[in-house]
Each structure stands twice: as structure tokens, then as C-alpha cells.
Amino acid sequence: MATNDTSHIRNFSIVAHIDHGKSTISDRILELTHTVEERDMEAQLLDTMDIERERGITIKSNAVRVTYDADDGQSYQFNLIDTPGHVDFTYEVSRSLAACEGAVLVVDATQGVEAQTVSNANLAMNANLDIVPAINKIDLPSAHPDEVKEEIEEDLAIPAEDAVCVSGKTGEGIHDLLEAIVMLVSPPSGDYGAPLKALILDSYFDEYRGVVATVRVFDGHVSKGDQLTMMQSGEDFLVDGVGVRRPAETPVGELGVGEVGYVVTGLKDPAAVRVGDTLTYRDRPCAEALPGYREAKPMVYTGLFPIDNKDYENLRDALEKLRVNDPSLTWSPETSVALGFGFRVGFLGLLHMEVVKERLEREFSLSLIATSPSVDYHVYRTDGTMLEVRSPQDLPDVTRIDHIEEPFLKAKVIVPPEYTGAVMQLAIEHRGITQDMIYLTEKSVEMHFDIPLAELILDFFDQLKSRTKGYASLDYEFSDYRASDLVKLDILLSGDEVDALSFIVHRDKAYQLARGLCDKLKEIIPRQQFEVPIQGAIGNKIISRSTVKAVRKDVLAKCYGGDISRKRKLLEKQKEGKKRMKQIGSVEVPQEAFLAVLKVDDQ
Amino acid sequence: MVSALYLHIPFCHARCAYCDFDSRALRGAALDAAADRYLEALLARVDALGDAGALADVRTAYVGGGTPTVLGDRLPELVHRVRAWCSPSELTCEANPESLSAELAAALAESGATRVSLGVQSLEDAELAAIGRLHTAEGALEAVARARAAGLDVSCDLMCGLPGQTGESWRRTLAGAVAAGPDHVSVYPLTLEEGTPLARRAEADPALEPDEDLQAWCMAEARRELVAAGYAPYEVASYARPGHECAHNVAYWTGESYLGVGRSAAGMLSAPEWDGLSALLGGESAGPGVARVRYVQRDDEAASFEVERLSRREAIAEDLMLGMRMTRGVGPELLARAREASGEKSVGAAVDEALTRGLVAWAPDGRLAPTERGWLLGNELYGLMWGLAADD
């Protein structure tokens with residue numbers, strides 16, 4: 001569109017509380033606009049990764065263009081931008097929202113406004129988006145749309161007379177929703193003739209085409225052959241093609257002002273293309289980059305080791321390849337006595353860690369061990385120098401430590417008032433310090449507290465969800481480093497310290513954790529040919545102990561009628577199981593043992 | 001040379017709680033109808049194999065189940081028919097105490113059966129009830145007496161790790177079994193098989209799960225008691241008075257060819273034997289590079305088979321694996337063949353590993369035999385031996 005006229009463009013995302021029907025509504029929109037024919041529909045079409053589909057969550061941003069022929073006789077270009085939905089991906093969410101002018105806020109007609117509805121609405125309003133409320137699931141007998149409208153007005157302070165009643169399941173009201181998007185969402189503005197200014201929302205690596213970036217054009221236009229530069233990374237490249245997703249990639253002549261699409265960069269270095277960076281012309285750059293760019297900073301570090309040491313190089317290559325879609329991924333080599341060569345990898349959070357590990361295993365056929373998560377500790381030595389420690393193994397001898405500081409977060413929880421007690425209790429258990437509580441509305445309270453990052457990364461989010469029946473939402477940002485009484489808890493198997501099982505923990509919690517870990521490991525480690533004592537220790541002091549008894553009997557029972565094949569298959573299955581274990585000294589340790597700390601039951 | 005024949009009878013009066021083997025629980029007219037239909041196909045199959053000359057060299061036959069004795073008079077008829085094609089020196093019928101009447105025992109002996117294998121399992125009524133057996137302890141002992149009176153060799157199957165079983169009750173079962181004077185005793189540790197009623201119950205009540213330590217103790221205790229009573233352990237689960245080893249089971253562990261007849265019966269043939277009988281076994285030849293074929297009959301009519309082809313190297317590794325079930329282990333001749341097939345180095349490494357782990361020991365006659373440890377941790381040992389089937 002070689003023009004400043006963007007009046008036919010609508011860029012929006014869909015936000016909702018979990019299970020309120022965001023994905024089904026996206027699917028119906030694709031269907032109604034004939035972007036995808038019904039026979040090709042797969043549930044949750046926009047979530048392309050297997051893991052996303054399995055877990056029903058969105059991890060990566062995605063942008064699909066649909067063409068909508070509106071009742072006014074005009075044809076509109078809709079860019080539907082899907083956003084991640086987990087606290088680990090807060091930054092990606094903010095970038096996706098920055099690419100939109102509007103947001104469809106989906107509220108379940110039977111459930112009404114819930115805590116996540118509130119926090120998502122807040123995010124959208126903070127991004128100055130035009131909000132289109134949509135009340136979903138009106139086909140259900142228990143739907144009460146009128147009350148939900150009142151809730152939207154009262155709890156969210158969003159005018160609800162424009163709220164559209166829809167059913168993602170039957171398709172009812174979707175047409176009205178599309179009309180409302182035309183009416184309520186502002187068209188983008190920008191200058192077609194100005195130097196290019198485009199925001200990178202996401203990128204992925206294609207073996208043949210290099211990095212392909214998803215972009216939103218704010219000013220100017222981009223087409224094949226343009227010489228561009230990325231303003232933050234400083235990397236130059238020649239545009240090898242531009243296009244849009246419908247949802248299959250479709251080349252177009254150019255991406256004009258206000259449009260969303262992809263740019264083929266041809267760049268072979270994944271790290272050069274970062275979410276949040278600004279694309280502009282190399283020879284005629286725009287005056288300033290788009291605001292809000294932030295180096296994606298890892299919060300959590302875990303060791304990743306191939307079970308088979310021969311896979312070390314493959315693991316590095318795989319990490320390189322994943323980084324292109326996931327610039328937040330950082331790593332450095334790590335060596336463990338128990339596990340050999342691997343990497344200390346930084347993640348945005350534990351979900352991010354799980355997803356990356358799962359992708360590495362599935363997409364690159366690697367068998368990996370992940371070790372206990374750690375944060376970035378500042379260790380002040382007696383000689384006055386400071387050491388950054390991301391792995392318990394790197395902790396200096398206690399006699400040479402003056403004190404240790406750990407990162408604290410400012411956490412914000414939005415929750416209905418009846419759960420404030422439960423949240424405070426949870427915060428106390430996790431060494432949190434409650435700062436204040438603000439009533440946002442009658443039905444939601446915003447609580448602020450300071451909490452060590454190390455406490456938050458373990459199970460805080462899951463616990464928060466379970467203790468507030470899913471109502472609470474969590475947001476956090478880094479606060480500062482504070483001194484804490486931290487110790488290194490070591491685990492010994494058969495008397496030998498296993499470095500990969502060590503963990504840095506607050507002294508007050510060390511005994512309880514040591515007991516919990518020993519008990520958990522006893523459950524996880526299968527019985528072996530010899531008895532395996534498991535001990536928890538701080539320095540030379542043993543503080544807990546459990547024992548995996550020696551296996552006394554492991555023999556095939558009755559062999560019915562000479563069916564040897566069946567018994568042989570059982571043997572082979574047993575052998576497969578062993579391959580997934582790591583031999584440490586004489587002990588065979590299953591992968592999950594190294595993350596046992598995440599599974600220790602809360603007392 | 002096919003020296004062993006297995007016939008499967010997939011009927012019982014009731015399913016035992018632990019059993020996942022192919023069998024249907026039927027009684028009365030329904031059983032009669034199903035058994036008649038099944039036996040018609042089974043007998044036709046025996047005749048077809050006999051016609052093809054496959055049964056001429058059969059030295060041992062074994063009618064298993066299920067519960068073959070629920071066939072009543074049909075069972076001696078079946079035995080008789082088998083005898084029409086071959087003259088096995090050992091012909092065993094599995095039997096349950098409640099369905100082995102004195103008349104049936106006599107008829108079996110008359111028809112040419114030489115041996116019954118009785119499912120005694122336990123001599124504690126509460127334990128028998130817990131696993132869904134239809135007989136009592138007393139009933140089991142009476143059945144042993146009836147079989148002996150008919151002149152049949154008698155084997156008793158016993159199980160350890162049953163729900164409610166204790167060290168004490170196991171001792172009583174062992175003592176009672178020895179006192180009944182069978183020629184042969186088998187001791188099986190209970191395993192929970194997926195999908196069985198007992199496995200489902202154990203999911204809700206973990207106390208039902210067999211305690212492996214107790215099972216190991218029970219197996220060792222059985223070995224002590226039975227050896228003291230004059231029974232020699234000759235296989236993982238088997239004890240016999242001198243000269244009363246089950247030759248049919250020994251055939252399974254020593255690489256002899258056997259035919260399986262009936263639904264879900266398994267067979268094993270050398271490639272040339274398979275090719276000679278392939279018209280009766282699905283029609284496909286063994287193919288190049290195949291030394292041994294294992295098969296399982298999938299249906300009543302012997303129209304469908306599950307077939308597994310093994311290379312020479314695999315067949316030899318399998319022989320080593322199975323040979324290690326025998327108390328006497330494997331001989332120098334088999335080890336030499338293994339070295340030739342899998343390489344000196346691989347076999348050496350596997351044997352050393354087994355020696356280091358205390359699973360085997362060299363016997364004075366040059367045989368490599370499982371130790372007590374290798375007996376109780378058999379899977380470790382079998383796994384090492386079967387590992388020789390794979391390329392390095």
C-alpha cells in the first residue's frame with residue numbers, strides 16, 4: 001500500500017483469562033474470513049509448536065493476516081497478533097502489545113471477570129490499546145452476559161455497552177465482533193515517506209533463508225532488496241523478501257506503514273536479530289529507535305548436560321539454533337565431575353527452561369539432564385572482591401566468603417480480596433516482605449512485596465495459582481541485591497558428593513530442604529545392586545540421610561508356553577530405561593533426580 | 001529336528017486375579033460349545049502338522065493353558081490324538097486341583113499323559129481366595145494324591161509374594177508341598193501384570209504390591225527347603241527329584257525347536273525347519289540371513305501368526321540368555337559359538353562384566369553358571385547376554 005492511508009488496517013491481539021476461549025475465538029475468526037477453510041482447521045491453529053498445543057499455552061508470538069469484507073462494503077486488513085500467556089514471557093507480551101492498536105478482551109459469560117482478566121486488561125490499557133470486550137460462551141445455559149457486562153464496567157472500568165456477545169464454539173456473534181473491531185480499534189498512523197521504522201516482534205531461523213523476523217512497520221515501507229540495519233544490534237542486511245502469514249507464508253511486494261508481516265533477513269547469526277529491536281534503512285535511518293527495547297535478561301540458570309557426553313557439540317549447535325527464535329537464551333560452558341561437559345544456560349523462568357529442554361530433546365533428539373535452578377548470586381570474598389555465582393559448584397570455600405547477596409524482586413500480585421491472607425502466608429513462607437496492598441476495585445487487590453528471586457523461581461507461581469484457585473496474577477521486576485544468610489547444600493550418593501545435585505539455600509530452610517531432598521531422591525533413584533546411602537550436608541556436617549536399599553530380586557517370572565519374544569522385549573524395555581539414566585560412580589541416577597529440588601513436597 | 005510340542009487351551013472356570021495370559025472364563029454349556037469349536041480347529045492343526053511330518057520326532061509335549069483340565073474327557077482325547085502322531089517320553093498336562101478328578105487323572109494316564117503340572121500356588125486358604133483360586137489347600141493336596149494314585153508324575157506350582165503372604169505362611173506352604181511328595185516343584189514370584197484385577201487393586205492399595213525383599217527371601221527359603229528335601233534346583237523356578245526334570249521346559253532353555261499349536265501358543269524353528277513348514281505357518285519363507293524364527297499363533301484357526309526372525313548372532317545370544325536360566329549355565333561349546341558370532345572381545349567383556357558383578361562363576365567342567373546372585377538378579381545377567389545380539 002504505497003500510501004499513508006492506513007484506514008483499512010486493524011492491528012489487534014486477543015487477551016483473556018486462561019480457558020476463557022481466546023484460541024477458539026482466533027480459530028473462528030480465521031474461519032469466518034476464509035483465511036483457513038474449515039476442513040483444514042486444527043484446534044488452536046495459531047499455536048504452532050507441539051509443546052504449545054499439548055500444554056494449551058502460547059509461548060511464541062505469532063501474527064496472522066486476515067482479510068475481512070465488512071458490512072460497509074469495504075475490505076479490511078486485520079493483523080491478529082497472538083501473545084504469550086505466562087509470567088516468564090512478560091517482555092514478549094509487552095512487545096506484541098506495542099505492535100497493536102487494539103485488543104479484544106475475552107471474558108467467559110459463565111465465569112465473569114477473573115484476576116487474569118484484570119491484569120491482562122491492565123496490560124492492554126497501559127499500552128494505550130482500544131479495547132473491544134467480547135463475552136464468550138454465550139451458548140452455555142449458565143451464561144449470564146448482563147452480569148458480566150456489569151462486572152466489566154465495575155471491575156475493569158471499561159465501558160461495556162459495546163461488548164459483543166459471542167460463542168467461539170458455535171460461531172455466533174463472531175461477525176459482530178469483526179464489525180466491532182472495525183469500529184472500535186483505531187487504524188495505525190505513520191508516514192509512508194519517512195525512513196523505515198519497524199519493530200521486531202519475533203523471529204525464527206530457516207536453514208535456507210536465514211533469520212526470518214516478524215515485524216510491525218510504524219513508518220516507511222520495506223521491500224525485497226532494501227538495505228536495512230538493526231538499530232540496537234547494529235547489524236546490516238539486504239532484505240531477501242517480505243511477506244505475510246495467512247497463516248502460510250505468502251510473499252508480498254512490500255510491507256507498508258501500519259502493516260505486520262515478515263522480513264527475510266538472510267542473516268545466519270540468530271543472535272543478531274532480537275525481539276524489540278528496530279529495523280530501519282541503512283543509508284537513511286530514522287531519527288530514533290522505538291522505545292522499550294530491553295536486553296532479554298535471564299533470571300534463572302540451570303546446567304544442561306547431555307546424558308551421552310558425545311552429544312556435547314550437538315547440544316551447542318542445538319542451542320545456537322534455538323536462540324534464533326529465542327534471543328533470551330544465553331549459555332556458557334560448564335563442567336561437572338558427575339555429569340561431564342555441558343552448559344550453564346540462562347532462562348526467563350522455569351517454564352521457559354522446561355520448554356527449551358523439551359524442544360532440545362524433541363527437535364534435536366538429545367537426552368538431557370537439567371540440574372537444579374540457581375539465580376545469579378553476588379559473592380563477596382574476604383579479600384573484598386565480588387564474584388558472580390550462577391552455579392553452586394562455583395561457590396568459593398566458606399572460609400573465603402565474607403557475605404553473599406542475592407537478587408530481590410518487586411512482585412505484584414492481583415487477587416480477589418478473600419485470598420490476600422493466603423498470598424501473604426505464601427509470601428512469608430518464601431521469605432517475602434509485604435510492602436502494601438491497594439484495592440483496585442471492590443473485587444481486586446493489588447499486593448506488593450519484595451521477594452528473593454530464588455524463592456520465586458521454584459514453585460511460587462504454581463503455589464500462588466493453587467492457593468488462590470487460579471485467581472491470582474503475578475508480575476515482577478528486578479529490585480536490588482540484598483545480603484542473605486545462604487549456604488551450599490551438598491548431596492552425597494554412596495558417600496561421594498555429587499556436584500550436580502548441590503543447591504544454594506537460605507540457612508533457615510536448609511534442614512527442611514535437605515530432609516525433603518533425601519526423601520525425594522530415595523523415591524526417584526531405583527534400587528541398585530548395592531545399597532545407596534543418600535546424605536545431605538552443609539560443609540562437612542551431615543544434616544539428613546536416607547537409603548536406597550539394594551535390589552534383592554530382579555528376575556523374569558513364569559515364561560508361559562515358551563513365549564520367549566515377550567520376555568526378551570521386557571528385557572529390552574528395561575535396558576531402554578537404563579539408557580535414560582546417568583551412571584555416577586556405581587550409582588545409576590535417573591534424569592529427574594537432578595531436578596528433585598522442584599519436587600520436594602511443601603511441608 | 002522339532003523335538004517339542006506345545007498345545008494351548010485358552011479356557012478356565014474363572015480368571016485368577018493375577019493372570020494376563022490368553023484364556024476365557026467359561027462354564028457349563030457355554031464352555032462345552034466353545035471348547036468343541038476350539039478343539040476341532042486344534043485337532044485339525046495337530047493332524048495337519050502330523051501329515052506334514054512335523055511331529056515325528058517330538059519327544060516332549062505339553063498341554064498348557066488356561067486350565068486344560070476344564071476340558072474334561074476331551075483332554076484325554078486330545079492326548080490320544082497327539083500320541084497318534086508321535087511317542088513323546090514326556091507328556092504334561094497343566095491342571096487345576098478342582099478340575100482334576102480321580103477319573104480324569106486315570107483317563108489321562110490311560111491316554112498316554114505322563115505328568116501333570118498342578119497349580120497349587122499356596123497352601124493357605126486366605127491367600128488362595130485373595131488371588132481368586134477356586135480350590136482350597138486341602139483340595140490341592142487331595143489332587144496331588146489323585147494324580148499320584150493314577151501313576152502320573154506330579155509337579156506343583158507355588159507362588160511367593162501373594163497378598164497377605166508372610167514368611168511364616170510361606171514356610172507352611174513349602175512344608176505342606178514337600179510333605180505331599182510331588183516329583184517336581186516350581187516356585188514363581190508373583191508379578192503384577194498390567195490390566196489384571198490384582199494390578200488394579202494394587203493401584204488403590206499399594207500393600208498388595210509384592211514386596212521384592214520378601215519374594216527374594218521366599219525364593220531363597222524355597223531353595224533351602226527343597227534342596228534339603230531332595231529336590232535339585234535345575235532352572236530359575238524349577239526343582240526336581242533326580243530324573244524328574246521337565247524335559248519340555250528344558251527344551252525351551254536350550255535352544256531346541258518346538259511347535260506351538262493353538263491360539264497364542266508360541267513356537268520356535270530353525271530357518272530350514274520353518275521353510276519346510278512355511279505353508280502351515282503363513283506362507284512366507286525365513287528369508288536371507290535368518291537363522292531362527294519365532295512365532296505366535298494369533299487366532300483359533302492358525303491363519304494368522306506373529307513372526308520374529310533372528311539372525312545367527314541373535315539366536316546364539318538368545319541361547320546364552322536362556323541358558324543362564326539353567327542352574328548348570330552354559331557350556332564351552334555354546335560360548336565358543338558366541339565368540340565366533342559376536343566377536344571374542346564382546347563376549348569377553350560381557351562375561352567379565354557378569355563375573356565382576358558376581359552374577360556368574362566358572363564351574364570346574366568349563367561351564368559358566370549363574371551364582372545365587374545371578375539367579376535372583378537374573379534380568380541383569382540375561383540383559384548382558386542378550387546384549388551380545390547387537391552390534392557394538
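How many residues of chain B are in contact with residues of chain A? In this predicted model, 33 residues of chain B are in contact with 20 residues of chain A. Select chain B and look at the side that touches chain A, to which β1 (2-9), β8 (184-189), α8 (212-228), β11 (257-261), β13 (292-297), α11 (312-323) and α15 (378-386) of chain B each supply at least two residues. The largest share, six residues, comes from α15(B).

Next, select helix α12 (residues 564-579) of chain A together with α15(B), which pack at an angle of about 90° with their axes 10 Å apart. Because of that angle, α12(A) is roughly perpendicular to α15(B). Where the two helices meet, show A:Arg568, A:Leu571, A:Gln574 and A:Lys575 from α12(A), and B:Asn379, B:Tyr382, B:Gly383 and B:Trp386 from α15(B). By class, this contact has three nonpolar, three polar and two charged residues.

Now move to an open sheet of four strands in chain A, whose order is β18-β19-β17-β20, with antiparallel pairing. Its edge strands, β18 (330-336) and β20 (368-370) of chain A, each pair on one side only, and neighbouring strands are turned by 30° against each other on average, direction ignored. Select strand β17 (residues 300-306) of chain A, which three bridges join to β20(A), the two running antiparallel, and then find A:Pro306 opposite A:Leu368 in β20(A).

Finally, select helix α8 (residues 350-363) of chain A, which lies across β17, β19 (340-347) and β20 of chain A and runs at about 170° to β20(A).

Notes
Residues are numbered from 1 along each chain as its sequence is written. Chains are lettered from A and ligands numbered from 1 in the order in which they are written. This is a predicted model: local features need pLDDT of at least 70, side-chain atom pairs count only at pLDDT 80 or more; totals for chains, interfaces and linings use all residues. Two residues are in contact if their C-beta atoms, placed from the backbone, lie within 7 Å. Axes are lines fitted to C-alpha atoms, for helices over the stretch in contact, and angles run from 0 to 180 degrees between N-to-C directions. Angles under 35 degrees count as roughly parallel, over 145 as roughly antiparallel, 65 to 115 as roughly perpendicular and the rest as oblique. Ala, Val, Leu, Ile, Met, Phe, Trp, Tyr, Cys and Pro count as nonpolar, Asp, Glu, Lys and Arg as charged, and the others, Gly among them, as polar. Two strands pair if DSSP finds at least two bridges between them.
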